[in-house]
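Subject: Structure handover

Hello,

Here is the structure I said I would pass on. My notes on it follow below.

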Amino acid sequence: MKLKISLLFFLAFSLFTNAQVTISPATFNVTDQITITVSLAAQSCNGIPTTAPKVYMHAGAGDDSNAFGFGAIGNWGQDDGIGLMTNNGNGTWSITLTPSTYFNLNATQQANATKLGMVFRSANGSQELKKQQTPSGCGDFIFNIGAFQLNLTSPVNNSTTIMNAGGNLNIAATNTGGNASYVLKGNGLTLNSNTSTSSYSFNHTNIASNTNYVLEVTQNGSTITRKFTVIVAPTTISQAVPAGLQDGINYNTSDATKATLVLDAPGKDFVYVAGSFNNYQPNVSYAMKKDPSSSKFWLELTGLIPGENYNYQYWVVDQTPIANSPSLVKTADPYSTLVLSPFDDEEIINLGKYPNLPAYPVGQEREVTVLKTGQTPYQWQVTNFTKPEKDKLVVYEVLVRDFDSDRNFQDLIDKIDYFKNLNINAIELMPVMEFEGNESWGYNTSFHLALDKFYGPADKLKEFIDLCHQNGIAVILDVALNHAFGRNPMVRMWMNDPENDGWGEPAADNPYFNQVATHSYSVGNDFNHQQARTKYYVKRVVKQWIEEFKIDGFRWDLTKGFTQNATGSDANTNAYQQDRVDVLKEYADYSWSLDPNHYVIFEHLGTDSEEQQWANYRLSEGKGIMMWGEMFHNYKQLAQGFATDGVITRMGHTSRGFTGKRLLGYAESHDKDRLMYEAVTYGNAAGTFPVGGNLTNALNRMPALGATSLLIPGPKMIWHFQELGMDDSIYTCNNGTVNTENDVITGDCKLDKKPQPQWVENWLTSPSRSPIYDAYSRFISLKINEPVFNGSYAISPDANNTKQRIYIYDNNLPSTQLKNVVVLANFSVANQNIVPDFPYTGTWYNLMDNSVVNVTSTNAVINVPSGQYRIYGNKPALLDKNEFGMTKATLFPNPSNNFFQINVVTKEVAIYSITGQLVKEFKGGFNSDYTYSIDGLNQGIYLVKVTDENDNHTSIKLIKK
C-alpha cells in the first residue's frame with residue numbers, strides 16, 4: 001500500500017512538472033509554427049519569481065543523442081532580446097517560433113531533428129527554471145519533434161560497426177503512431193523495404209565493403225531518417241614510407257596529378273582516406289599502407305586534376321580501443337593548411353569573408369582538409385626583407401577582428417598609411433590560425449598550420465605581409481602552442497568520448513597531450529612538450545609560417561605551460577623549470593635554423609632567473625629571446641594619478657638581469673584593461689586637474705605615458721589604439737555594458753567583439769586624440785632613428801613616483817651628436833616642479849620640436865603641468881613628418897627601382913642609409929614633378945629626409961629594389 005501511494009504521488013508530481021511547459025500544438029514537425037508557454041508557479045528547480053520583469057528562453061534543436069546538438073539560441077546573462085518571451089499576465093510567458101527557421105537548421109538537420117530542449121532564465125541569468133528530474137536533480141525540458149517517433153534498436157543511431165569482410169549486420173526498429181513504410185538504403189542503393197508495419201527487422205549478410213546506411217521511415221507524409229555505418233577491415237599493405245615525405249600532404253613537384261598523404265597514428269589498426277575523389281565512400285584501394293618500421297600510414301593519390309579543389313578526411317580505426325574511446329574517428333589532417341568546417345563556413349560565406357571558398361561536402365561531419373595540386377604560388381614583391389634591429393623594435397599588437405569594421409586582412413592593408421605615419425616597425429597579429437568559431441581572439445586554436453578563414457584567404461595575409469615589408473615593417477604572429485582545442489585531430493584520434501558524440505578529452509594513450517595539465521594555467525588540452533611527436537608538430541608549425549608566409553617572428557603564448565613538472569601548483573608553475581628552459585631553447589634554435597634573424601618572443605611573465613636563460617641565450621650571435629615585460633599595473637597607477645605603485649624601473653632590461661636589450665616592455669596589452677578606462681573610472685578625483693571621471697584630463701596623460709615607456713632603451717610594444725587613448729573597457733559587452741574579469745560565472749565580456757569609435761568618430765581629427773597619435777609617432781621616430789635611444793639609461797623619481805625622471809645616454813657617441821636625453825613627466829593631479837638633474841649645463845633642446853633650452857643649473861627645477869612631460873637632448877634630433885606646419889609629403893613609387901618623386905615643392909632632399917650614413921642629396925629648388933634619380937644606390941631600405949619650401953622637415957622610408 002505504501003508503494004501504491006508513492007507511485008500515485010510520483011505520477012501526480014510528474015504531471016505537474018510536465019505541465020510547467022506546454023507546446024501548442026502538442027505534436028509538431030520541425031517546419032510547423034509552435035507556441036511554447038512556461039508557468040512560473042512555485043516548484044522545485046525554479047528560481048524565477050512570478051514578479052520577474054523579463055523571462056528568456058534558451059533552447060536548441062537536435063537528435064536523440066543531444067537535444068541541443070544542431071544549435072542553441074540565447075546568450076546567457078545578456079538582456080539582448082534573443083529568446084525574450086511575452087508576458088501573458090497570468091504568471092505564464094510565451095514565445096512563438098518555427099523550429100527550422102528559429103534554429104537556422106539546414107536540410108540535413110531538419111531531416112534528423114527529433115528533440116527540442118530548453119531552459120528559462122531571468123534577464124541577467126542569475127535566476128533560472130529547469131525541470132525536476134527523477135528521483136532528484138534539475139535538468140533540461142526535452143520535447144519530441146515529429147508527428148511520430150522512431151526507435152532504432154539495432155544498431156545505435158549514428159553508430160559505426162567495424163567488421164571483417166563477409167560479416168552480417170542486423171537492423172531493427174520500431175515506430176509510434178501505427179503502421180509506417182520502411183526503406184533501407186546502403187551507399188544510396190535500396191537494400192530492403194517494408195510497408196504497413198510498426199516494427200522492422202532485416203539482416204544484411206555478406207557485407208564486403210564500407211557501407212553508409214540510411215533507414216527512411218514514412219508515416220502520413222512525414223519522414224524520419226536514421227543513419228549508421230559499417231566499416232570493413234581491409235588487409236593493410238605493409239610498405240615503407242617513401243623517402244623525403246613528411247606528415248600531411250606531400251605534393252608531387254614533377255607530377256601535379258599526384259599527392260601523397262602521410263598520417264602518424266600509433267596504436268591504430270587501419271586508416272581509410274575518404275574524400276571528394278571517392279564520394280566519401282572509400283573502398284580498399286583507399287586503405288592507407290602501413291610503414292613497418294614506424295606508426296605511420298601513407299597513401300599516394302593519383303588521377304588528380306591540377307588546380308581543382310579536393311577535400312578529404314582520415315577514417316582512423318582502433319578495433320580494441322581503451323575504455324570510453326571510440327573505435328572510429330573521422331578527422332581532418334592534423335597538418336591541414338586549409339580546412340572546411342560544417343560549423344563555421346556558412347557564416348563566412350554569407351558575410352563574403354572568403355571569396356570562392358569551396359563548399360563543405362554535403363552529408364559529411366567534422367572538418368575536412370582541402371587538397372589542391374598545381375597551385376600558383378604568391379608572387380612576393382619583397383624577397384629579401386631586412387628586419388629592424390631587435391633593440392629598436394616597436395611592436396604594434398593587433399587583433400584583426402577588432403581593428404576595423406570589416407574585421408579582415410583587407411582592413412589592415414587599407415590602413416597601411418596609418419601604421420607608416422605612426423612610425424612603428426613591427427606589427428604583431430594575435431592568433432590567426434584556424435580557431436573554433438568565428439568570433440574569437442584566436443587562442444582556442446584547433447589547426448595550427450591553417451589560416452582562419454574568417455579574416456580572409458591566405459593570399460590576403462601574404463599581401464599584407466608583403467606590403468608591410470615594402471614599408472620596412474616586420475610582421476610577427478602570436479602562436480598558441482601550449483594547447484589545442486577539441487576539434488584538433490590529435491585530440492580526437494586519442495580521446496575519451498563516453499557520450500559517443502565525437503568530442504572528448506585526451507585519453508591515456510594520447511601521444512601528444514596530457515590528460516591533466518602539468519601546470520596551473522591550463523586552457524584547452526595541454527600539449528606534452530617532452531614528447532617527440534609534439535616537438536615535431538611544433539616545428540612543422542614554425543616552418544609553415546616562416547617559409548610559406550615569410551613571418552618575421554613569433555610571440556609564444558603562455559610559455560609557462562611548456563613544462564611537465566608543475567601539476568596543480570602555482571608555486572611550481574611560476575618557479576624555475578629546467579625542462580621548460582630546454583625545450584623552449586630547442587624551439588628557438590629551430591626557428592633560427594630557418595631564419596637566422598627570426599624574432600623569438602616569449603609571453604612568460606615569470607621569474608627573472610628563468611627568463612634570463614632565454615633573454616641572454618646566444619646573445620653573442622646577435623640573437624637572444626625577447627621576453628614580454630608587463631608593466632600595466634605600474635603605469636595604470638600613474639595614469640590614475642597615484643604614486644603608490646608607480647615604480648617603472650622594470651620597464652628597462654637591466655633591472656631584470658638581462659645582458660642584452662631583450663625585454664619587450666609594455667604598459668598596455670590585450671591581457672589587461674585599457675589605461676584610459678582605468679584612469680577615468682578609478683583615477684584620482686582630487687587636485688586641480690582630477691583624472692577620475694574626467695576623460696580630457698586622462699587623455700592628456702597618454703603622451704607622458706608613452707614618453708616614459710617607449711623611449712627607454714630596448715624593444716617596446718603598444719596595444720592597438722593605445723596611441724589614440726582608447727578608453728572603451730576591454731570588458732565591454734556586445735550590448736554596450738561593461739563586465740569585469742571576475743564575472744566568470746555570468747560570463748565576462750573580454751572576448752566580445754568591440755566597437756570602432758576610432759574610425760566612426762574619426763579620432764585622427766579629434767583635438768583630444770590626434771595629439772596622442774602625433775606624440776607617439778614622434779617618440780617612435782626618435783627611438784628608431786636616434787642611436788642614443790639604444791644606449792644606457794637610469795630611471796628614478798624626483799622624491800615621488802608621480803614625478804618621473806629618465807636619463808638616457810650613450811657615452812660612446814661623439815659630443816657633436818645627440819648622446820644625452822632627459823625625460824621628465826608629471827603624473828600628479830597638480831602642476832609640479834621637477835628637479836631634472838641634467839648631466840651638465842649649456843644649450844639643450846626640446847626634442848619634440850628642437851626648440852632651444854638654456855640650462856644654467858643642472859638642478860634648477862622645471863615646472864611641468866599636470867599630466868605633461870618634457871624631453872630634452874644635448875643636440876637637436878631629426879624631425880619627422882609630424883612637425884608642425886608641414887604639408888603631408890608622399891614619396892612614390894615606393895618601392896622604387898631607379899627614381900622617385902615627391903608631391904611637394906622641396907628645398908633639399910637627403911638620402912641616408914639605415915645606419916644613418918648620408919649617401920645622396922639634392923640641393924636647390926625642386927617642383928613636385930621633379931624626378932629624383934637613385935640609379936647608383938644598392939638594394940635596401942633608406943631614410944629620405946625632405947625639407948620643403950617653408951623649411952619644414954619630414955622623413956620617409958624608401959625601399960630600393
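A charge counts as sitting over a ring if NZ of Lys or CZ of Arg is within 6 Å of the ring centre and within 35 degrees of the ring normal. Lys353 meets this with Phe454, lying over the face of the ring at 4.3 Å from its centre. Lys462 does likewise with Phe549, at 5.1 Å from the ring centre. Please keep in mind throughout that this is a predicted model.

Lys462 and Phe549 also take part in a helix contact. Two packed helices are described by the angle between their axes and the distance between the axes. For helix H8 (residues 458-470) and helix H10 (residues 532-549), the axes come within 11 Å and cross at roughly 65°. Angles of 65 to 115 degrees count as roughly perpendicular, so H8 is roughly perpendicular to H10. On the H8 side the contact is made by Ala458, Leu461, Lys462 and Ile465, and on the H10 side by Trp545, Glu548 and Phe549. Of these residues, five are nonpolar, none is polar and two are charged.

Next, the aromatic rings. The whole structure holds 49 aromatic pairs. One of them joins Tyr840 and Trp844, with 5.2 Å centre to centre and 35° between the planes, which makes the pair tilted. Tyr840 is partly exposed, at 33% relative accessible area, while Trp844 is buried at 0%. There is also a cluster formed by Tyr396, Phe403, Tyr418, Phe419, Phe721, Trp759 and Tyr773.

Leu412 lies in helix H6 (residues 409-414) and is buried, with a relative accessible area of 0%. Val398 is 14 residues away along the chain, and the C-alpha atoms of Val398 and Leu412 are 9.4 Å apart.

Last, the backbone. Most residues other than glycine have a negative phi, and most peptide bonds are trans. Phe721 is in the loop between strand E42 (716-719) and helix H18 (757-760) and is buried, at 1% relative accessible area. Asn220 has a positive phi too, near 50°, but is exposed at 77%; its loop runs between strand E18 (211-219) and strand E19 (222-233).

Cis peptide bonds join Ser24 to Pro25, with omega about 0°, and Ser154 to Pro155, with omega near -10°. Pro25 lies in the loop between strands E1 (21-24) and E2 (34-39), and Pro155 in the loop between strands E12 (150-154) and E13 (160-164).

Regards

How values were computed:
Residues numbered from 1 in each chain as written. Predicted model: local features only at pLDDT ≥ 70, side-chain atom pairs only at ≥ 80, totals over all residues. Heavy atoms only, no water. Phe/Tyr/Trp six-rings, centres within 6.5 Å; stacked < 30°, edge-to-face > 60°. Buried < 20%, exposed > 50% of the residue type's maximum accessible area, 1.4 Å probe, protein only. Axes fitted to C-alpha atoms, helices over the stretch in contact; angles between N-to-C directions. Helix = DSSP H or I, 4+ residues; strand = E, 2+ residues; numbered from the N terminus. Parallel < 35°, antiparallel > 145°, perpendicular 65-115°, else oblique. Contact = heavy atoms within 4.5 Å. Nonpolar A, V, L, I, M, F, W, Y, C, P; charged D, E, K, R; others polar.
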